[in-house]
Each structure stands twice: as structure tokens, then as C-alpha cells.
Amino acid sequence: MTSGEAASTAETTTHGAHGHPRKSLPVVVLGSIGVVYGDIGTSPLYAMKESLLHVGGVPSASEIIGIVSLLVWSLVIVVTVKYVMLVLRADNQGEGGALSLMALAQTALKRPNRVILTLGMIGAALFYGDAILTPAVSVLSAVEGLKVTTPWLDAYIVPIALAIIIGLYAIQSFGTAKVAVFFGPIMAVWFVTLAVIGVSHIGDAPQILHALNPVNGFWFMTSHGILGFTVLGSVFLAVTGAEALYADMGHFGKRPIRIAWLGFVGPALILNYLGQGAFALNDAAALPNLFFLSAPEWARLPLVILATLATIIAGQAVITGAFSLTQQAIQLGLLPRLQIEHTSESERGQIYLPTVNWLMMIGVVILIVFFQDSSSLAAAYGIAVTGTMIITSLLGIVVFAYGWGWGLGLAVLVVTPLIAIDTAFLAANLLKLADGGYLPLVIGGCIMALMAIWVRGTRLLNTKAQQQNLSLETFIKAMETSSVTHVSGTAMYLTSTPETVPSALLHNLKHNRVLHEKNVIVTIRTAEVPYVSAADRLTYHPLSPAFARVELHYGFLDEPNLLEALIQLRELGVKFDVMSTTFFVGRRRIKAAARSDMPRWQSQLFIKMARHSYDAIDYYRIPANRVVELGTYVTL
């Protein structure tokens, strides 16, 4: 799900609604080329080569034409028809991506739905598997070009790739705003180079143009038995990154992404695949290094350098996508709070999550060390992406049917052919399961388990709090006749269960034996939309002369700032002075119960996650010098 820092190429100090860019169309189109198409743009490095090598031996002319036809029509149907023409229309306040689509589907159904929640969680979890594989396979593919230009560097391919990867992750904490300025121009040069290389070879074997007839691709699929399916798994490498078109919609908008694809990126990729196919027809011996050998000898070293830059950009896009996805998951309550650092004072999309960054780097390094070359890694690539694409299609049915008013019948009729294609790609990729295809599934499965445990544990804790704690309404009535000492000032208590008395309030009353003159129960809610306007941020409910309830509403891409939001109380005529306000925060110490509603291993894992959750004071930006923390023990 790409976003964040790399998207700053298209942002400016003058923003539209929700912080979307207001630069001129050509600049935004160029920015989308640099960020959105980094992954799919580097596919020619390995997609054609892997597809042809899977045939075994020297493929015949008709087989090469059939494979090129599959590549070309995969781009047309999956990218152009499904994503550019259809899925881009399913925007959630201009935002896209798996979790954004999940929230949109929940809104369309007008009620929470566990199946929709589960699909969104699976889509997000699979993205992490893809996010670790993309930098590894892309960078290795580019660096392997050195074997063509300088064969003696063969032994140093893996160390060079590792150095690039470690450097890429090491610079994330500094932000990439300055580097990102060059993303668009570099990728524009890359796509022009792809098109020029392709056009230069089509004349070598003009019969490659028969690949534009989809019948040739269908012939290859139906006449080669299991081999046709195996090759389809490699053909799918050409469309990995298609999800980025939807995920990055919030940063660039539909129109620039469509213009970039239809007018520039799509034609460049198709021309390159046709050219590589013609080159393969003319020189079958070049198959092991098809892409780099298709360039003139004098241009191969510059091409390796350009390809390496392109793959770094592709890696950068997927890293920032992981940051953005994690932020959404935290806001939606799917993951515990993690430390989020802002790398820009002006662009809110530029964030850095240290935990996610270093875990991803470790994963990528392990993959490169274990697999050693891009061909081996390519076998592991694809399952996670196809899974995400199927989930996008399924959630799309819900949005089209109930959100757009198509009706279930029409939505199913339109999406079923697309699901059939996605399923065919998934089945083909499942054939690579034993060769490494299990990796993204294992990674996604682990992330999914963590999300499910966190959601369930949080729900159980909230249920227990509602059952055990005193009703707030009853407590307020009791305090009206109580002789407890009242002190001046305002006390604010953060709680996720506003119907009951916050444990911090009870502990304050028990230990300090005082009650503040004004007591405000504060609850933070996350809406099913990316952004909530400032006007809709706060709702205030007076409960008694001494008590009130405040609800703060944030979108899943908003950044909570408690103090900033509470200042709006003054606009409602409520006296609020931060210097006379004390924020009481309950710090829960969770212990495993002797008999728990969760399996013991799940409760232990939940406790560890909760223990390492980022501090609420910093996360919600509460002034530290106005905070009192009160600890409580809770059993789960």
C-alpha cells in the first residue's frame, strides 16, 4: 500500500480537501509515475525472462508469441480494465487501499460486519508479505545486470544487493522528501528507455506483433497442460504492483494515475515486452539475461545503474506503503500503538515507524541471503499479491452492490470475470508453493494472527471493563450526595468505555479522596473514513454540573492530537484552560487469568503486544507536565 514520504513529490503547500495535492496536472502525473508505478515498472527485469525459462529448453516461436500475448493482455485486463477503469472509482474520500476499501464496504452495509473486517485484515496482512519480497527481488534483479557487463563481479552480487538494501532502510528515519523529488524524472527516463529498447527490437522479428491477438495467449494456456499454468505464475510478475494504482489514489488522484498509465507507462511496458519477445525470437541464447542483453553493449552498464535506481524507488514506495498501512491499522484498532515519527513539518503523510522499518529490513536481508538470486525469489513472488487482488474484487462487490446501488446481481456479473482471472493467477502461483511461495503466506499468516489476537483481546478487555466497572450514570448520582472533598480545576479521564467509570477516576478517588470541580470523560473514536473534518471532530455532552462526556472523532488517516482537539471546547462555550486541567491516564498491567476466554498462548502474546504498545501520552500528544498516570492490574 504505497504512500507517505515518497508521495511528497506530488504534494505542495497549497492543498485541497483532506490534504490532497493542488499542483498542476503534468507535475502530479510525473509524481505518480515516480511513486505509483515503481513496482510494476521494474517487472520487465524479470517477468519475461522467468516466463520463457519456465517453458524449458529453447521455446518455439509460437510459444514465445503466446507468452508475450499473455503478458500484454494481463496488463490490459488486470491493470487497465480492473484497476484503472473500475476499482479506481471506489474511493473513500479520495483514498484507496485494502483497509480503506474495507472501511468503505462497512459503510456501504451500514453495520459492522465480521466477514468484511476479516477480508480487510487478510488483505493488509498479505501486503506485508509482498512488501518484504518486492525490495529483495527488484534490487537483486537489477544488480544481477552486473554479471552481463562485468562477469568478475558475479561473486559480489549478493553483498552489493545487501549494501543497497541496508542503506535504503537506514535512511528512512531522515525522511525522503528531497530524494523523492527525483523519483518522477528518474522513472520517466526508465519508461522511455523501456520503450526505446522495445521499439529497437520489434523490427528484428515483426511476427511478434501477432502477440497483440489474445487468441495466441489463450492457445498457449490451453495447449500446454500444467506447463501453461506454471508459466502463468511467472506471467503474473508483470502485473505485481497493480494494487499501487488504487493504494496511492489519495496522494495523486484518479485522473493523474489514469493519464500516466494510459498515455505513458502502459504503452512503454507493452512495447518493451514486444521488443523482448522479438529479441528472444532472434537470439534464443540470450534468454538467461534477456533484458540486459537486449540493450546495446555500450548502454548496458548505464542501464544497470538506471535499473538499480528504479528498483530502489520501487523498494522505497513499498516501504512507505507499509508505514501508511500500519498507521491505518493502528487507528482502526487492528494493531497496538507503535511509535510514529514525523519526518516533515509541513507534510503529514511523511511518517516513519522504526519498529516496522527494522523488522522489514531484517526480513529482506534474510530473503536475499537465503535465496541468493532473483529467479529463486521470483518463485516466492505472486501469491500474496494475487490474494490481495481477490480480496479487492470481493470487497468491490459489496461497494458496487450496496454503496453504488448497482444491486448484488449486476455487481456479481461485472466482477466475476475479474475474480476468475485473479483465481487463475492464484492457482498458477500456488504451484510455486514448495519453491518458496509459502513465504508470503507465512508472513501474512503471522501478521493476520497478530491482528486477530489484538482485536479479540481488546474486545474482551472492554467487555470485562463494562461488566466489572460501575455505571457512570450511577456514579454521578452517588457523587451528588457524597461528602467527598472537591478541588478546583478540571480533570480529564481517557477511556474506551465511556458508559462506565474510568478506573483512573476510581483510583484517584480512592487514593487521593478528592474529586475535581469539573470532570470530563474523554473517548477517542475512529471513523470508517480517512479524515474527519475539524467541525465534526468533537461532541460535548454535559451529564451534570460536575461531569461531562467528550467524544473525539478521527479518520483512520488522521493523526490524533488531544490538546488541539480539546481547544474546540472554547468554541462551544465551555471553559477550558490547559494550565488548570489535569489529564488522568490509566496504565493497565495485564496479567493472564487462571481461566481465560482466550487460549493461553494467545493471551500471553496479547499481553506482550500490550506491554510494548507505544505510550498513550506521546501517541495522543498529551502535555506530559499535565498528566497523572494511575496503574491498575487487569486479568485476561
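Arg-537 is buried, with a relative accessible area of 12%, where buried denotes under 20% relative accessible area, exposed over 50%, and partly exposed the range in between (1.4 Å probe, protein chains only). The side chain of Arg-537 meets that of Asp-558 in a salt bridge with an N to O distance of 3.6 Å; a salt bridge is defined as a side-chain nitrogen of Lys or Arg within 4 Å of a carboxyl oxygen of Asp or Glu. The pair links distant parts of the chain, 21 residues apart: Arg-537 lies in the loop between strand E4 (514-526) and strand E5 (538-542), and Asp-558 in the loop between strand E6 (547-554) and helix H25 (562-566). Helices (H or I, at least four residues) and strands (E, at least two) are DSSP runs numbered from the N terminus. Asp-558 is likewise buried, at a relative accessible area of 6%.

The model is predicted: local features require pLDDT of at least 70 and side-chain atom pairs count only at pLDDT 80 or more, whereas totals for chains, interfaces and linings use all residues. Residues are numbered from 1 along each chain as its sequence is written, and side-chain values use heavy atoms, with hydrogens and water left out.

By the salt-bridge rule the count comes to seven. One of these joins Asp-422 and Lys-82, whose closest N and O atoms are 2.6 Å apart. This pair also links distant parts of the chain, with Asp-422 in helix H21 (residues 408-430) and Lys-82 in helix H4 (residues 61-86), 340 residues apart. Asp-422 is buried, its relative accessible area being 1%, and Lys-82 is buried at 2%. A further salt bridge is formed by Lys-49 and Glu-50, with the closest N and O atoms 3.9 Å apart. Lys-49 counts as buried at 11% relative accessibility, and Glu-50 is buried with a value of 5%.

At the level of the whole chain, the protein has 27 helices and eight strands. Its radius of gyration is 27 Å, close to the 26 Å that the globule rule gives for 636 residues, so the protein is as compact as a globular protein of that length. The radius is taken over C-alpha atoms, and the globule rule is 2.2 Å times the number of residues to the power 0.38. The C-alpha trace spans about 95 × 45 × 45 Å along its principal axes. Of the 636 residues, 58% are buried. His-201, placed in helix H10 (residues 183-202), is buried with a relative accessible area of 10%. The C-alpha atom of His-201 is separated by 20 Å from that of Leu-75, a residue 126 positions away along the chain.

Two surface patches were examined. Patches consist of residues with over 30% relative accessible area and no salt bridge, like charges being joined within 9 Å and nonpolar side chains (Val, Leu, Ile, Met, Phe, Trp, Tyr) within 5 Å. Accessible areas come from the Shrake-Rupley method with a 1.4 Å probe, and for residues only the protein chains shown count as cover. A nonpolar patch on the surface is formed by Leu-359, Ile-362, Ile-366, Phe-370, Leu-430, Leu-433, Tyr-438, Leu-441 and Val-442, which together have about 840 Å² of accessible area. Helix H18 (354-371) and helix H22 (438-468) are the elements that give two or more residues to this patch, and the largest share, four residues, comes from H18. Ile-362, found in helix H18, is partly exposed at a relative accessible area of 45%.

A positive surface patch is made up of Arg-589, Lys-591, Lys-608 and Arg-611. The elements contributing two or more residues to the positive patch are strand E7 (581-591) and helix H26 (600-611). Lys and Arg count as positive and Asp and Glu as negative, while His and the chain ends are not counted; the place of a charge is taken as NZ of Lys, CZ of Arg, CG of Asp or CD of Glu. Arg-611, in helix H26, is partly exposed, with a relative accessible area of 48%.

Backbone geometry was also considered. Most residues other than glycine have a negative phi. Lys-110, however, has a positive phi near 65 degrees. Lys-110 lies in the loop between helix H5 (98-109) and helix H6 (114-143) and is exposed, with a relative accessible area of 74%. Arg-621 also has a positive phi, near 55 degrees. Arg-621 is placed in the loop between helix H27 (616-619) and strand E8 (627-635) and is partly exposed at 37% relative accessible area.
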